[in-house]
Amino acid sequence: MNLSTIINFRGALQDRIAAFGMSISMWFASAVAAEPLTVVSDFEGASVKGVEIDNAARRISFMPGGDPERGWPCWWYFRVNGITPGETITLRLRSSTATTAKTGGMLAKPLAPVWAMPEQATYSVDGKNWLHTEKGTKQGEEMEYSIKLDAASVSVAWGPPYTPGMAAKFVYGLVGKTRCAKAVELCRSREGRAVPMLHVQEGELPKEQRFGIWVQARQHAWESGSSWVAQGFAEWLTGDGADAAWLRQHAEIHIVPIMDIDNAATGNGGKDAQPQDHNRDWSEKPHWNEVVAAQRSVTELIKEGRMDVFLDLHNPAPGDPTFFYILDNGLLKEPMITLRDRFIQLAYGRISKIEPLIPMSNKPKTTGPAYHPLWRQISANWVSMNGNPHTVSLCLETIWNYKNSTADGYRAVGANLAAAVHEYLAERPARMGTH
Ligand SMILES: [Zn+2]
């Protein structure tokens with residue numbers, strides 16, 4: 001055998017090995033591809049209905065689940081099993097056909113599809129790291145997302161899920177890590193679920209001399225991003241920075257990551273739930289236990305003259321950037337207007353500079369009589385109208401239909417919002433314990 005024969009022989013052998021390997025992998029793929037795709041939705045926060053599986057096309061067609069009496073059916077979250085690692089599966093999202101019987105109500109007709117259709121869907125193979133798919137393709141009223149992964153199972157959702165279990169784990173986890181944080185049960189929900197709240201303060205400063213801060217998320221259950229913003233706020237607050245330490249030493253901070261715990265647990269949308277949703281429930285006699293409890297604590301802070309910053313966290317309409325909702329100036333008195341505008345300026349200065357970008361508008365939107373018939377019962381409005389003269393009370397809507405609207409992006413918004421609260425309160429005169 002001369003050298004070229006050896007090379008030819010080796011080449012031929014390599015070809016044979018490659019061909020053998022290929023036939024093995026093709027055999028393996030065809031054998032495993034026979035496994036049918038299945039959909040699982042028997043876990044906390046899951047929501048899906050109308051599932052149709054085309055195993056030949058490896059495609060799952062579905063609608064968001066949820067009882068329309070319990071809010072807009074725009075949230076979806078489920079797990080797909082039976083995937084052959086390496087294959088591409090397709091999710092075809094159809095819009096919900098659910099309606100309620102209420103004439104003239106929001107769901108007298110089916111909800112506009114865009115609320116349920118992010119440009120990029122969210123997925124996770126480990127239930128911890130949530131990633132965006134590539135952009136979906138619109139097919140009329142439907143949206144198709146493709147996912148290729150090296151796993152047999154994947155969780156897919158409208159956005160990064162944030163369940164009651166995750167809220168409890170986060171709150172109790174922080175308490176284990178830092179002495180300045182306490183876990184408190186805000187209340188039990190109407191369905192008997194515990195509503196976890198984080199209470200943070202540090203040092204010996206008496207209560208009367210502390211600024212009062214109230215942060216709550218998820219009065220609308222489908223807006224999962226708002227809980228991640230609340231978590232980012234809490235992470236910054238309990239972190240190592242000197243500004244965070246100052247805030248813990250000069251303020252008493254309450255953070256509720258999920259207000260509408262029942263709908264977050266059952267995968268219902270929450271918005272426009274019957275008889276009214278949580279953020280239309282801040283009346284003399286609230287219907288929801290979480291609102292009763294939050295309103296009671298906020299009223300205490302107001303009586304003590306230290307309802308300094310109230311923040312209600314949401315996700316907005318699909319085309320909106322991040323922005324604040326404010327009450328019309330005509331309904332407010334000074335110094336509330338000037339203080340609120342200063343806070344917005346500080347928050348905008350930080351959030352708009354987050355990298356990667358979280359687009360934010362420096363123009364707040366106004367609520368009031370023209371916005372909603374129950375405008376007085378919207379939490380941030382209620383706190384403005386019933387608060388102290390110096391109360392800053394705002395709703396922050398964080399963009400959700402954007403490439404950086406991920407768990408990390410939302411947490412960055414929360415961290416920057418907390419830093420803005422520090423910057424704002426550091427400018428305020430120290431509280432001397434009288435009012
Ligand atoms: Zn909302």
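Helices (H or I, at least four residues) and strands (E, at least two) are taken here as DSSP runs, numbered from the N terminus. The model is predicted, and local features are reported at pLDDT of at least 70, side-chain atom pairs only at pLDDT 80 or more, while totals for chains, interfaces and linings use all residues. Residues are numbered from 1 along each chain as its sequence is written.

The protein contains 9 helices and 18 strands. Its C-alpha atoms fill a box of roughly 100 × 60 × 40 Å, taken along the principal axes. Of the 435 residues, 46% count as buried; a residue is buried if 20 or more other C-beta atoms lie within 10 Å of its own, exposed if 12 or fewer, and partly exposed in between, with C-beta atoms placed from the backbone. Two residues are in contact if their C-beta atoms, placed from the backbone, lie within 7 Å. Among contacts between residues at least 6 apart in sequence, 75% join residues at least 24 apart.

The protein is divided into domain 1 (38-157) and domain 2 (164-426), with bounds that come from an automatic or database domain assignment. The centres of the two domains, taken over C-alpha atoms, are separated by 28 Å. At the interface, 24 residues of domain 1 are in contact with 22 residues of domain 2. The side of domain 1 that touches domain 2 has 12 nonpolar, 7 polar and 5 charged residues. In this classification, Ala, Val, Leu, Ile, Met, Phe, Trp, Tyr, Cys and Pro count as nonpolar, Asp, Glu, Lys and Arg as charged, and the others, Gly among them, as polar.

A nonpolar core is defined as a set of buried Ala, Val, Leu, Ile, Met, Phe, Trp, Tyr and Cys residues joined through C-beta atoms within 7 Å. The largest such core has 113 residues, and V229, F233, L237, I255, V256, L417 and V421 touch the most other members. Helix α9 (residues 407-426) gives the most to this core, contributing 12 residues. At least three residues of the core are drawn from each of domain 1 and domain 2. For V256, the residues touched are L186, V195, M197, Q216, A217 and A294, when residues up to four places away in sequence are not counted.

Two packed helices are described by the angle between their axes and the distance between the axes. Helix α4 (residues 242-250) and α9 pack at an angle of about 60°, with their axes 10 Å apart. Axes are lines fitted to C-alpha atoms, for helices over the stretch in contact, and angles run from 0 to 180 degrees between N-to-C directions. D243, W246, L247 and H250 of α4 make the contact with A419, V421, H422, L425 and A426 of α9. By class, the residues of this contact divide into 6 nonpolar, 2 polar and 1 charged.

Helix α8 (residues 379-386) is largely enclosed by the rest of the structure, because 6 of its 8 residues are buried. These buried residues are S379, A380, N381, W382, V383 and S384. They pack against α6, β15 (307-314), β16, α7, β17 and β18 (392-397).

Several loops show particular backbone features. A cis peptide bond with omega of about 10° joins E334 and P335, and P335 is found in the loop between β16 (323-327) and α7 (336-351). A cis peptide bond also joins E355 and P356, with omega of about -5°; P356 is placed in the loop between α7 and β17 (365-367). R218, in the loop between β13 (211-217) and α3 (224-237), has a phi near 70°, a positive value in a residue other than glycine. R218 counts as buried because it has 32 C-beta neighbours inside 10 Å. D272 has a positive phi of about 65° although it is not a glycine, and D272 lies in the loop between α5 (261-266) and α6 (289-303). With 20 C-beta neighbours inside 10 Å, D272 also counts as buried.

G66 lies in the loop between β3 (59-63) and β4 (77-81). G66 has 28 C-beta neighbours inside 10 Å and therefore counts as buried. Apart from neighbours within four places in sequence, G66 is in contact with S47, G71, P73, W75, G267, N268 and G269. The C-alpha atoms of G66 and K49 are 8.2 Å apart in space, while the two residues are 17 residues apart in sequence.
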